[in-house]
Amino acid sequence: MSKGTVVLAYSGGLDTSCILVWLQEHGYEVIAFLANIGQDEDFDAARKKAENLGAKKVFIEDLRAEFVEDFIWPAVQANAVYEDRYLLGTSIARPCIARSQVEIARREGAQFISHGATGKGNDQIRFELTCYALYPEVKIIAPWRIPEFYNRFKGRTDLMEYAQKHGIPVPVTPRAPWSMDANLMHISYESGILENPKSYAPADLYLMTKDPKDSPNTPDVLEIEFKNGVPVKVTKVKEDISMSTPFEIFSLLNEIGGKHGVGRIDIVENRFIGMKSRGIYETPGGTILLQAHLDIETFTMDKEVRRIKQGLGIKFSEFIYNGFWYSPECEFVRHCIAKSQENVEGKVQLSVFKGQVYILGRESPKSLYNEELVSMDVQGDYDPVDASGFIRINAVRLREHHRLQGISNTKN
């Protein structure tokens with residue numbers, strides 16, 4: 001007798017293929033769910049494999065457009081960067097995938113959701129917090145946290161033996177000696193030989209970007225047009241080629257950034273669960289957009305509003321990384337950030353060359369830049385005499401501090 005129906009986040013790889021069979025061994029009917037978020041994947045082959053392994057149904061959902069519009073664009077508006085460097089490519093994909101998985105589970109009347117995330121990582125948290133937020137009564141089956149499972153499968157060799165025993169096709173080519181996760185926004189690499197943080201990344205590791213030294217010797221010049229803080233048009237200036245849908249815009253920026261080796265980082269980060277991990281990431285299009293958005297935002301946003309918004313951006317990045325996309329606090333911060341972007345409008349011209357993004361110029365109908373006011377050659381509506389009082393008022397606190405501390409302390 002069936003224990004119920006489970007929707008499994010299925011990649012077609014060794015781990016989730018074994019989990020698909022293992023769940024059936026334990027009395028569950030399995031619906032396999034694959035999300036297309038821009039990874040290089042043979043989805044037809046994955047479908048056939050899941051069906052051959054006994055999946056009751058297989059759903060392959062093309063989430064690329066909604067991934068860009070509903071998740072990447074809010075991150076662009078926020079200038080979302082975790083711990084000053086990581087652009088959150090894996091983190092931000094998880095609520096997108098889990099949202100679709102929940103929709104299928106509800107539609108199919110499935111009581112259970114399962115995934116192949118490990119018990120040490122962030123993804124288990126991101127997937128499950130989203131599932132519980134959107135489907136409160138759901139039950140989660142996380143095999144890599146079930147002793148019966150992880151004691152049986154202590155490594156890849158155990159999984160391979162299980163696969164051969166149950167007729168699960170195994171890769172004919174050796175697996176790369178690291179773990180990789182890819183989507184439209186980035187590719188991440190971790191584990192395996194990368195676990196030693198002193199070890200250099202092998203030259204053949206990177207799949208999304210060229211080595212900057214091998215990139216073209218002439219730059220690509222782009223113009224990115226923003227409205228409400230998100231790009232609405234990207235133009236390759238020399239070729240006069242433009243893209244205007246979110247998916248096309250991001251794909252073009254990935255292509256240009258990848259060609260010029262933009263967006264590579266190698267970092268040690270703090271996982272939410274409490275340990276540090278070493279990760280290598282490629283985020284070409286996202287890196288170009290971050291630089292362009294920072295520029296147009298500073299050009300069009302009030303100084304004090306932007307200072308508050310910067311703090312919200314840091315909080316937003318932490319919410320994404322820690323799996324709280326569907327929390328009330330994250331919803332509140334997203335709303336505030338969206339409000340801050342109402343006047344972030346205009347065009348940024350930039351050059352992409354040898355691993356770098358160079359801002360060339362910008363223009364905006366909502367600009368707060370007053371050329372006459374700031375000019376050294378025109379007086380404008382500004383009286384320099386006013387600066388004397390401004391400086392004296394700001395000096396009151398400094399003078400009092402040093403008077404009370406004593407002159408002897410000023411040398412320190």
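Basis of the entries. I am working on a predicted model, in which local features need pLDDT of at least 70 and side-chain atom pairs count only at pLDDT 80 or more, while totals for chains, interfaces and linings use all residues. Residues are numbered from 1 along each chain as its sequence is written, and side-chain values use heavy atoms, with hydrogens and water left out.

Entry on helix α5. I looked up arginine 126 and aspartate 123, whose side chains form a salt bridge with an N to O distance of 2.9 Å. Both residues belong to helix α5 (residues 123-134) and sit three residues apart, about one turn of the helix; helices (H or I, at least four residues) and strands (E, at least two) are DSSP runs, numbered from the N terminus. I find arginine 126 and aspartate 123 both buried, where buried means under 20% relative accessible area, exposed over 50%, and partly exposed in between (1.4 Å probe, protein chains only).

Entry on aspartate 295. I note a salt bridge from aspartate 295 to arginine 362, with the closest N and O atoms 2.8 Å apart. This pair links distant parts of the chain, since aspartate 295 is in helix α9 (residues 284-300) and arginine 362 in strand β14 (residues 356-363), 67 residues apart. Aspartate 295 counts as buried at 15% relative accessibility, whereas arginine 362 is partly exposed, its relative accessible area being 36%.

Entry on two loops. Lysine 366 and glutamate 345 meet through their side chains in a salt bridge of 3.3 Å, N to O. Lysine 366 lies in the loop between β14 and α12 (371-374) and glutamate 345 in the loop between α11 (328-340) and β13 (346-353), so this pair ties together parts that are 21 residues apart in sequence. I recorded lysine 366 as partly exposed at 32% relative accessibility and glutamate 345 as buried at 17%.

Entry on helix packing. Helix α10 (residues 303-322) packs against α11 at an angle of about 145°, with the axes 10 Å apart; axes are lines fitted to C-alpha atoms, for helices over the stretch in contact, and angles run from 0 to 180 degrees between N-to-C directions.

How values were computed:
Salt bridge = Lys/Arg side-chain N within 4 Å of Asp/Glu carboxyl O.
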